[in-house]
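Open the model in your viewer and keep the selection tool at hand. Each stop below says what to select next and what is there.

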Amino acid sequence: MAVEKLVIVGSGPAGLTAAIYAARANLHPLCIEGYNAGGLIPGGQLMFTTEVENYPGFPQGIQGPELMKALRDQAERFGTRFIRDDVSAVDFSRRPFTVQTPDTTVQAHAVIVATGARANWLDLENEQRLAKSGGGVSACAVCDGALPVFRNQEVAVVGGGDSAIEEGSYLTKFAKKVLLIHRRDQLRASKAMQERFFRLVKEGKMEAVWDSVVVDVLGDKTITGLRLKNVKTGAARDLACKGLFLAIGHTPNTELFKSVLAMDDKGYLVLTKAGSTYASVEGVFAAGDVADHVYRQAVTAAGTGCMSALDAERWLAAQGIE
Ligand SMILES: Cc1cc2nc3c(=O)[nH]c(=O)nc-3n(C[C@H](O)[C@H](O)[C@H](O)COP(=O)(O)OP(=O)(O)OC[C@H]3O[C@@H](n4cnc5c(N)ncnc54)[C@H](O)[C@@H]3O)c2cc1C
């Protein structure tokens, strides 16, 4: 079996940027672009969004699928080969590494893991419908919070941890008021974040809706409100709002790498060399959301994708593989 110089797993902004750089460096990369693992498809998370307004270089914004097609075309133009399938098993215990899909087994001198992370949703039918159609439901305030539809409106954030407060306070820059919906009667967030939250409440910019869960999202083309259930009394009520932001965490797509690569307690891959993309096995690199629970943006994923290709190229050169 011929041994690939570099296999890239995943075809979101991280995987495809890695592919562009690796292909231009004559590594002739093979990108296993995914099929439906982790609920994602080739192109990654941005395939499920409409307007991307913060990716540099597009002053008028660009549709997520259009951006991902452009990245893929660019990677292909320089010689990246693609397999449309999910990786189902890996063996990184000996070199060359083995990467398997249900239909193919490949061997590789180096591997870049760029399998991303998926936002946790409530999994309500109307939530998913309105999220996919750009109807005011989102899992990323930094991505969507500044859109005109949310300006000077009441919007809701679901969650009670640090990221819910972070997302909520970001939204106060645009929204008239941010309603924080939490299933308990106190926050899980750190002390500093709680202080920030209660300051914003005092200023009238945020408000807590305690002991409540969202049982339905209301609205036809765009969200008009939420149906809530009080977990203590069981009573249901409707709450009017023009936006819903989920902040109930992300799940990195790393099930495949359990007991293979080091990960933190939430399953994010751990990088072993500061300022690099080195994963815990030499010759394996990690890029994008799969190793980043902080920034989770297309441009940061693309940035670390670039880093991973440069790291892989230099590592391969040091092994005498060019
Ligand atoms: C609805 C939505 C809107 C967003 N809007 C914006 C925005 O406006 N601006 C912004 O900067 N960011 C936005 N984001 C965040 C952004 O999409 C992510 O930060 C970015 O896509 C991460 O890129 P990635 O390459 O690390 O992973 P992903 O985009 O998650 O891609 C992961 C890739 O890995 C593949 N994969 C997974 N498992 C396997 C496997 N076992 N085998 C093979 N392949 C596999 C998937 O098919 C996919 O191709 C948004 C996210 C969502 C969900």
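**Before you start**

This is a predicted model: local features need pLDDT of at least 70, side-chain atom pairs count only at pLDDT 80 or more, and totals for chains, interfaces and linings use all residues. Residues are numbered from 1 along each chain, as its sequence is written.

**Stop 1: the two domains**

Colour residues 3-118 and 250-318 as domain 1, and residues 121-246 as domain 2. These bounds come from an automatic or database domain assignment. The C-alpha centres of domain 1 and domain 2 are 31 Å apart. Five residues of domain 1 and four residues of domain 2 make the contact. Here, two residues are in contact if their C-beta atoms, placed from the backbone, lie within 7 Å. On the domain 1 side, one residue is nonpolar, three are polar and one is charged. Nonpolar covers Ala, Val, Leu, Ile, Met, Phe, Trp, Tyr, Cys and Pro; charged covers Asp, Glu, Lys and Arg; the others, Gly among them, count as polar.

**Stop 2**

Helices (H or I, at least four residues) and strands (E, at least two) are DSSP runs, numbered from the N terminus.

**Stop 3: the cores**

Now select Ile112 and Val113. In the largest nonpolar core, which has 54 residues, these two touch the most other members. Such a core is a set of buried Ala, Val, Leu, Ile, Met, Phe, Trp, Tyr and Cys residues joined through C-beta atoms within 7 Å. Buried means that 20 or more other C-beta atoms lie within 10 Å of the residue's own; exposed means 12 or fewer, and partly exposed is in between, with C-beta atoms placed from the backbone.

Which helix gives the largest share of this core? Helix 1 does, with eight residues. Next, show the contacts of Ile112. Leaving aside neighbours within four places in sequence, Ile112 is in contact with residues including Leu6, Ile8, Phe285 and Ala312. Another core, of 32 residues, lies apart from the largest one. Pick out Leu130, Ala175, Ile181 and Ala247, which are among its members.

**Stop 4**

Select strand 7 (97-100). Its side chains alternate. Strand 6 (residues 89-91) pairs with strand 7 in the antiparallel sense over three bridges. Two strands pair if DSSP finds at least two bridges between them. Ala89 stands opposite Gln100. Five residues lie between strand 6 and strand 7 in their hairpin.

Move on to strand 8 (105-113). Strand 7 and strand 8 run antiparallel, joined by four bridges. Look for Thr98 opposite Gln107. The hairpin here passes through four residues.

**Stop 4: Ile62**

Zoom to Ile62, in strand 4 (residues 62-63). Not counting residues up to four places away in sequence, Ile62 touches Val52, Tyr55 and Leu67. The C-alpha atoms of Ile62 and Val52 are separated by 5.3 Å.

**Stop 6**

Two bridges join strand 10 to strand 17 (residues 244-246). One to find is Ser138 with its bridge partner Phe245.

**Stop 5: strands 15 and 16**

Finish on strand 15 (residues 225-230), which runs antiparallel to strand 16 and is joined to it by five bridges. Gly225 has Ala240 as its bridge partner. In the turn of this hairpin, Gly234 has a positive phi of about 80 degrees. Zero of the five residues of strand 16 (residues 236-240) are buried, so strand 16 lies largely in the open.
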